[in-house]
Amino acid sequence: MKVTQHIANAEGKSLFSFEILPPLKGQNIQCIFDNIEPLMEFKPPFIDVTYHREEYEYKELPSGLLEKKIVKKRPGTVGICSAIQNKYQVDAIPHILCGGFTKEDTENFLIDMDFLGIDNVVALRGDAVKSEIYFKPEKEGNHYASELVTQISNLNKGIYLDADLQNTNNTNFCIGVAGYPEKHMEAPSLDSDIHFLKQKIKNGADYIITQMFFDNRKFFDFVDKCRREGITVPIIPGLKPISTKKQLNQIPHRFKVDLPDDLVKEIVKAEDNDAVKEIGIEWCIAQSRELIQAGIPVLHYYSMGRSESIRKIAETVF
């Protein structure tokens with residue numbers, strides 16, 4: 001079922017969903033199930049599965065020359081989604097990126113998902129790999145998420161890359177895209193960022209999931225700005241409880257989001273990371289309650305492969 005259908009069927013009730021990381025290469029699907037299992041009693045209608053693009057490393061050969069080697073650390077997103085749907089009978093939503101894919105790769109990826117009965121995708125540009133300062137698309141790939149949305153939307157209309165194909169099948173994907181309440185790190189301004197977000201919706205996106213944030217006012221202001229610009233699709237907030245003192249520096253650096261002073265002060269005073277984890281849980285519970293009170297359709301939690309904190313939040317809120 002499509003995410004938009006889940007929201008419509010909830011008739012105003014706020015739904016619970018979460019995102020997981022694929023296991024590292026060499027691990028099996030059971031580690032995914034172990035993280036999902038504690039959260040299933042809260043009846044998530046869908047679970048997101050992130051995708052990590054291939055990266056490169058250089059290995060020195062005995063001759064002294066360097067060999068470029070592809071490292072794929074977290075393979076298997078489509079297989080994971082299929083396994084989740086079969087085991088739990090919930091919709092699993094793979095992330096699909098511009099980075100690392102040609103348009104032909106993307107089309108084949110989407111065809112595989114269509115064959116497996118996967119109804120939803122999240123279309124993202126993706127980040128630059130570690131060896132790049134700025135994002136660099138594949139030579140025959142999509143440059144922006146808006147282009148990727150167009151390609152998926154075209155498949156929904158039966159338009160494939162090979163224009164000579166006859167009797168093509170129309171796919172039926174519900175397309176999610178990312179939104180940034182504090183703007184994307186590369187955007188010159190929030191208004192500019194929302195301009196390009198609007199383009200993704202115009203190209204066929206059906207809903208928005210936001211980057212994590214820790215101040216609900218920034219989310220509410222973002223939604224208000226989107227609505228004034230004519231964006232009417234559901235906007236789903238992304239939430240993450242802080243769990244370590246290191247994240248005070250890591251999160252602003254990695255995701256370019258601000259942490260409220262009150263939260264920072266509490267974490268700085270905490271004796272250890274166990275205390276930090278409890279502070280993070282309580283803060284996220286307060287955020288969740290306020291968002292539910294505001295009638296937000298879905299609360300989406302970034303689990304980062306760990307379900308303990310998310311479970312404590314869900315037990316209190318849902």
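Analyst: The model is a predicted one.

User: At what angle do α7 and α10 pack?

Analyst: Helix α7, residues 216-228, packs against helix α10, residues 273-293, at about 30 degrees, and their axes are 10 Å apart. The two helices are therefore roughly parallel to each other. Their crossing is right-handed.

User: Which residues meet there?

Analyst: From α7 the residues are Asn216, Phe219 and Phe220, and from α10 they are Gln287, Glu290 and Leu291. By class, this contact has three nonpolar, two polar and one charged residues.

User: And how are α6 and α7 oriented to each other?

Analyst: Helix α6, residues 190-202, makes an angle of about 55 degrees with α7, and the axes are 10 Å apart. That makes α6 and α7 oblique to each other. The crossing is right-handed. The classes here are five nonpolar, no polar and two charged residues.

User: Turning to serine 288, is it buried or exposed?

Analyst: Serine 288, which is found in helix α10, has a relative accessibility of 0% and therefore counts as buried, the cut-off being under 20%.

User: What is serine 288 in contact with, beyond its sequence neighbours?

Analyst: Leaving aside neighbours within four places in sequence, serine 288 is in contact with Leu239, Leu299, Tyr301, Ile313 and Val317. As for proline 188, it lies 100 residues from serine 288 in sequence and 30 Å away in space, C-alpha to C-alpha.

User: Why does serine 309 count as buried?

Analyst: Serine 309 belongs to helix α11, residues 308-317. Serine 309 counts as buried because its relative accessibility is 12%. With neighbours within four places in sequence left aside, the contacts of serine 309 are Pro241, Lys277 and Ile281.

User: Now the strands. Do β1 and β2 run parallel or antiparallel?

Analyst: Strand β1, residues 15-20, and β2 run parallel and are joined by three bridges. Isoleucine 20 has valine 49 as its bridge partner in β2.

User: Which way do the residues of β2 point?

Analyst: In strand β2, residues 46-49, Phe46 and Asp48 point one way, whereas Ile47 and Val49 point the other way. All of them are buried, Asp48 included.

Notes. Residues are numbered from 1 along each chain as its sequence is written. This is a predicted model: local features need pLDDT of at least 70, side-chain atom pairs count only at pLDDT 80 or more; totals for chains, interfaces and linings use all residues. Side-chain values use heavy atoms; hydrogens and water are left out. Axes are lines fitted to C-alpha atoms, for helices over the stretch in contact, and angles run from 0 to 180 degrees between N-to-C directions. Helices (H or I, at least four residues) and strands (E, at least two) are DSSP runs, numbered from the N terminus. Angles under 35 degrees count as roughly parallel, over 145 as roughly antiparallel, 65 to 115 as roughly perpendicular and the rest as oblique. A crossing is left-handed if the near helix is turned anticlockwise from the far one by less than a right angle, and right-handed if clockwise. Contact means heavy atoms within 4.5 Å. Ala, Val, Leu, Ile, Met, Phe, Trp, Tyr, Cys and Pro count as nonpolar, Asp, Glu, Lys and Arg as charged, and the others, Gly among them, as polar. Buried means under 20% relative accessible area, exposed over 50%, partly exposed in between (1.4 Å probe, protein chains only). Two strands pair if DSSP finds at least two bridges between them.
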